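Here is a short walk through one protein model. Keep the sequence and the 3D view side by side as you read.

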Amino acid sequence: MTGAIRLSSVKLDPAAGLHRRPPRPKHLQNSRYAEQFDWDTLFYDVYRAGSHVVFQGPPLLNLFDSLRQSQPFRRTFGFPRFRARHIDRKKRGEIWLKSAADRIAIDGPIGQYDLQVQPDMAGMFAGRRVVTTLSKDNDLRWIADWVRYYRRIHGADGVLVYDNGSSAYSLVQLQAAMDAEIGDGVALAVSWPFPYGPQ
């Protein structure tokens with residue numbers, strides 16, 4: 001399954017002069033806060049979910065106003081159209097836009113971007129008992145043991161691992177380690193090289 005997943009990830013265009021402002025005041029930031037904070041990922045991925053296109057990424061925070069003033073989002077939130085919905089969480093942000101488009105052009109104060117809408121792949125794991133995690137450089141033997149444990153003890157027949165930029169092995173090697181343990185199930189390794197912290 002390696003290579004089956006492509007992400008339409010977006011980093012902020014430096015020409016727009018924007019970055020995500022941290023929610024934590026400066027006096028409460030430790031020495032590694034700036035290094036771990038995600039200053040410029042706008043979206044992790046843009047993908048189809050039924051009649052909607054989902055734009056998923058870190059919390060938008062101060063970027064939301066610039067995004068909602070940009071096409072195709074301008075005048076889509078709330079009355080009278082209700083074509084777009086913003087889901088704001090502490091650890092992620094999502095926008096659900098009602099659209100049948102395969103490509104989305106964003107243009108406005110947030111910058112200019114041309115995005116391929118990735119397909120809805122939820123069916124790959126539909127009806128399965130799936131375990132998922134984010135991992136970076138964990139020993140492949142540990143990952144194999146983890147898959148084997150959940151398959152044998154809990155009946156898992158699906159495993160999804162987001163690889164957070166491992167350097168100890170390739171995505172192909174990670175995929176092979178999972179494939180060897182999942183049996184007739186489905187295993188998928190997805191490259192997910194985004195800042196993870198700070199907590």
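This is a predicted model: local features need pLDDT of at least 70, side-chain atom pairs count only at pLDDT 80 or more; totals for chains, interfaces and linings use all residues.

Residues are numbered from 1 along each chain as its sequence is written, and side-chain values use heavy atoms, with hydrogens and water left out.

Start with helix 3, residues 140–154. Helices (H or I, at least four residues) and strands (E, at least two) are DSSP runs, numbered from the N terminus. The expected span of a helix is 1.5 Å times one less than its number of residues.

Which residues of helix 3 are buried? They are Ile143, Ala144 and Val147. Seen down the axis of helix 3, the buried residues fall within an arc of 100°, so they line one face of the helix. The arc is that of the directions from the helix axis to the C-beta atoms. Buried means under 20% relative accessible area, exposed over 50%, and partly exposed in between (1.4 Å probe, protein chains only). An α-helix has 3.6 residues a turn, so residues three or four places apart point the same way.

The buried residues of helix 3 pack against strand 9 (130–135), strand 10 (158–163) and helix 4 (171–182). The face turned away from that buried side carries exposed Arg141, Trp142, Arg152 and Ile153. After helix 3 comes Gly155, with a positive phi near 70°.

Now the cores. A nonpolar core is a set of buried Ala, Val, Leu, Ile, Met, Phe, Trp, Tyr and Cys residues joined through side-chain atoms within 4.5 Å. The largest has 22 residues, and Leu42, Phe55, Ile95 and Ile106 have the most contacts inside it. Elements giving two or more residues to this core include strand 2 (41–43), strand 4 (52–57) and helix 2 (64–68). Apart from it lies another core, of 12 residues, among them Tyr169 and Met178.

Finally, the rings. Rings of Phe, Tyr and Trp (its six-membered ring) pair if their centres lie within 6.5 Å; planes under 30 degrees apart count as stacked, over 60 as edge-to-face and the rest as tilted. The structure holds 12 aromatic pairs. Phe43 and Phe55 form a tilted one, 5.2 Å centre to centre with 55° between the planes. Both are buried.

Key
Contact means heavy atoms within 4.5 Å.
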